[in-house]
Amino acid sequence: MASPALSQASTAFESDAPQNPDEQQKGQRRAVLQRAKDSATSQDIFWFLVAFRILNALSIRTFFQPD
């Protein structure tokens, strides 16, 4: 026979899970969208750094002076 704490824990876990498959899909979509937002942020940082490097390279004057 299962202890009362175990049966309550499993009951609480089952009640937390969405009963409707559509709700599960919505939750999964939210998770995917959040991951997409996170990766878009890292892509934004990458492209900002690339643009900064190009702008910096164009704005600095250098010259070659052979020995």
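## How exposed is this chain?

Let's start with a term: a residue is buried if its relative accessible area is under 20%, exposed if that value is over 50%, and partly exposed in between, using a 1.4 Å probe and protein chains only. By that rule, tryptophan 47 is exposed, with a relative accessible area of 54%.

## What you're looking at

This is a predicted model, where local features need pLDDT of at least 70, side-chain atom pairs count only at pLDDT 80 or more, and totals for chains, interfaces and linings use all residues. Numbering runs from 1 along each chain as its sequence is written, and side-chain values use heavy atoms, leaving out hydrogens and water.

The chain has two helices and zero strands. Both kinds of element are DSSP runs numbered from the N terminus: helices are H or I with at least four residues, strands are E with at least two. Helix H2 covers residues 21–59, and isoleucine 45 sits in it.

## Rings that pair up

How many aromatic pairs does a search of the whole structure find? It turns up two. Phenylalanine 46 and tryptophan 47 make an edge-to-face pair, 5.0 Å centre to centre with 70° between the planes. Phenylalanine 46 is partly exposed, at 47% relative accessibility. Phenylalanine 48 and phenylalanine 52 form a stacked pair, at 6.4 Å and 25°.

To count as a pair, rings of Phe, Tyr and Trp (its six-membered ring) need centres within 6.5 Å; planes under 30 degrees apart are stacked, over 60 edge-to-face, and the rest tilted. Phenylalanine 48 and phenylalanine 52 are four residues apart in helix H2, about one turn of the helix. Phenylalanine 48 is exposed at 55%, while phenylalanine 52 is partly exposed at 48%.
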